[in-house]
Amino acid sequence: MSYRPSRRARRIAIGTAVVLVIAGFNGPALYGYASETYHDYKINQPEYKAEKGHWQIVDIPKEYRINTIHAALLNTGKVLLVAGSGNDAKNFEAKSFRTVLWDPVENTFKNIPTPNDLFCSGHNQLPDGKLLVAGGTQRYETLKGDVKKAGGLMFVYNENPDKAMTIKKGTRFTGRKTGKTFVAQNTTLVKRAKKKKDPATGEVTTEPSLARVYSEADRKGRKYATGTQDQYTVSGLTGQDKENVYGIAQKMSFDKKDFQGIKDAYEFDPVAERYITVDPMHEARWYPTQVTLQDGRVLTVSGLDDIGQVVPGKNEIFDPRTKKWHYLPKTRFFPTYPGLHLIGENKIFFSGTTAGYGPADKGRVPGVWNIETNEFTKIPGMSDPDTLETSMSVPLPPTQSRKYMVQGGGGVGESEKSTEKTRIVDLKQDQPRFYDGPDLYDKVRYPSSVILPDDTVLTTNGSARYRGKDDSNILKAALYDPKKNAYKDAAEPLVGRNYHSGGLLLPDGRVMTFGSDSLFADKANTKPGEFEQRIEIYTPPYLNKDKKQPDLKDVGQSRKTLSLGDRVSFRSKDADRIEKLRLVRPGSFTHVTNVEQSSVALKMKKSADGTLSTAIPDDASLVTPGWWMVFAVDKDGIPSKAKWVKVNVDPGAQHTTVTTQDPKVGPN
């Protein structure tokens, strides 16, 4: 049977041919147009889609377009898009904080009231299906030349052992030597002083308590700066309080002011579709990483604190049952947004990946951290170890392999360095070490990687330079096959993405990508960049074949609640072609960080009636509590649409040791 092209196909082919002929006569004037026309024609051919996949831009109504910084797939199938102030200081000053809920099936959108500036927060999936969102922005950075008021750290002392004191935002401190006044920029608690008794003499002494608060001059101008230490009286205090409570500051200067974090925390309820306030953290955090532990609690690490410094190793655990936070008993320092992955009972793998802030020589070596004992075992062999900032770490599927890949990355800060290296480590080895995998498609910062149900990994986008400088966005993508240890080219994305971008697997097997925050929009780095508000959908090759997706239906209740080790069954009219089942964790992505994404292999037994039986693995560190997606994958790698299952907290899961005396005292 001969193939007769459609009228539309003939028009495209004829039009392309004509354009190419004209371009031959007119040279460069039409060459770019001809190339673009041919490219559009090529990427829409069925053969091309079946080999490399296909990208399509989502149509977002204007009132729902936001600077998406964070995105998380909810168990309702909807995607939470969080901007907060969206890296826009004007939005921050106006307290214009945005969240949008997107339904990728219906392509509908809903604005969600946002209680605080959740820009650069941490987030992760909770056992009950809510999303924990903690931290965010208290203050935007101010570059040295733009600082209008002198400011710095005010240490506030309290010598009264019987009374704590709250220093409210707006409290004024006046220097006893200089007479200059500085204003507290946030509220802080100064605890009671401590009484100490000498066991030998019985003498009781008092040790003042100490708190700190960032403060700024009450007036603009360099003459209001200070260069020496001074003691400060606190406005509003009288009598003994005025004597017992005072401030001390070394200097108040016009140095660069970094971003500052907040302590606030919220749960987003995907059913009620709203934020719910929970207890705040003990530390303010901006750029933290959050990881679900085997018992359902959440480890929160790093971030910039309320004075703009990297939190000095004070790590916390959130208990979703009590909504309370507790410190880990000992400190462990990490730069901001560290790549942390749960790999065993209380064992965390640090891949070395980070995003943003922290010294170049502290806390950047990859290794395995035992959060119960605080022991840290370094893992050697990392190539290009000075280019791990803005790299991406991903567990290679299936997650039972305990193999992890670190992709691309750049030097610390605005370094010109970037790398095309991929590094792989097998954590099941007695003495694990990194070895190089195949090179990525280019030297690249900010690559986004998403695990697919067919046991491949899609990696896409990024830029060669810091935040896309020099017009260095990379419009490339690749699919990595762990069995072959090889990449193959995927369709090129239509939208460039670098800083503040990411991607998520959707329940129908497609991938969405979001965001991008270029500093500049031209090679000369003179034209300010604009935040990329478009969402793009990638349809992988497996959804561009002749076959339909395999059928997968629940047996019994439509959404299942299971415990570790429980057996569960599904039914499929395509059971004969189904080859494997995969249990996939819904993603929660920001800043090259999606530390909980995982694809767990499920053992499968087929019955003659089309029933597919399996069991949830009984390893609580492999299958953490919460909602997961089940995909059936056929012999051609084509996945079904996902079915959701909820995994309960394992009652036998060991709890991480935390301080129980006074959680506000902090770790040693």
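How many nonpolar, polar and charged residues are in the lining of the second largest pocket? In this predicted model, that lining comprises seven nonpolar, two polar and 12 charged residues.

## The second largest pocket

The second largest pocket has a volume of about 470 Å³. Its lining is made up of 21 residues, and those nearest the centre are Asp454, Thr456, Asp481, Lys484 and Lys488. Strand S36 (477-481), strand S37 (486-489) and strand S44 (578-584) are the elements that contribute two or more residues to this lining. The largest share, three residues, comes from S37.

The model contains six cavities of 30 Å³ or more. The largest cavity holds about 170 Å³ of space. It is lined by 17 residues, of which Leu342, Val595, Glu596, Ser598 and Ser621 are the closest to its centre. S22 and strand S26 (340-344) each supply at least two residues of the lining. By class, the lining of the largest cavity divides into seven nonpolar, seven polar and three charged residues.

The second largest cavity has a volume of about 120 Å³. Among its 16 lining residues, His123, Gln290, Ser588, Thr593 and Val595 lie nearest the centre. Strand S6 (122-125) and S22 are the elements that give two or more residues to this lining, and S6 gives the most, with four. The lining of the second largest cavity has four nonpolar, 11 polar and one charged residue.

Strand S24 (residues 316-319) pairs with S25 in the antiparallel sense over four bridges. Within this part of the sheet, Phe318 has Trp325 of S25 as its bridge partner.

## Salt bridges

Side chains of opposite charge can pair when their charged atoms come close. In this model the count comes to 33 salt bridges. One of the pairs is Lys196 with Glu207, whose closest N and O atoms are 2.9 Å apart. This pair links distant parts of the chain, Lys196 lying in strand S14 (residues 194-197) and Glu207 in strand S15 (residues 204-207), 11 residues apart. Lys196 counts as partly exposed at 44% relative accessibility, and Glu207 is also partly exposed, at 35%.

Glu283 and Lys314 form a further salt bridge, at 4.0 Å from N to O. Glu283 lies in the loop between strand S21 (274-278) and S22, and Lys314 in the loop between strand S23 (298-301) and S24, so the pair ties together parts that are 31 residues apart in sequence. Glu283 counts as buried because its relative accessibility is 9%, whereas Lys314, at 26%, counts as partly exposed. Arg582 and Asp455 meet in a salt bridge of 2.8 Å, N to O. Arg582 lies in strand S44 and Asp455 in the loop between strand S34 (448-451) and strand S35 (457-460), 127 residues apart. Both Arg582 and Asp455 are buried.

Notes: Residues are numbered from 1 along each chain as its sequence is written. This is a predicted model: local features need pLDDT of at least 70, side-chain atom pairs count only at pLDDT 80 or more; totals for chains, interfaces and linings use all residues. Side-chain values use heavy atoms; hydrogens and water are left out. On a 1 Å grid over the protein atoms alone, a cavity is a set of points where a 1.4 Å probe fits but cannot get out, and a pocket is an open set with protein on both sides within 12 Å along at least five of seven lines; lining residues have an atom within 4 Å of a point. Grid points are joined across faces, edges and corners, and a volume is the space filled by probe spheres set on the points. Ala, Val, Leu, Ile, Met, Phe, Trp, Tyr, Cys and Pro count as nonpolar, Asp, Glu, Lys and Arg as charged, and the others, Gly among them, as polar. Two strands pair if DSSP finds at least two bridges between them. A salt bridge is a side-chain nitrogen of Lys or Arg within 4 Å of a carboxyl oxygen of Asp or Glu. Buried means under 20% relative accessible area, exposed over 50%, partly exposed in between (1.4 Å probe, protein chains only).
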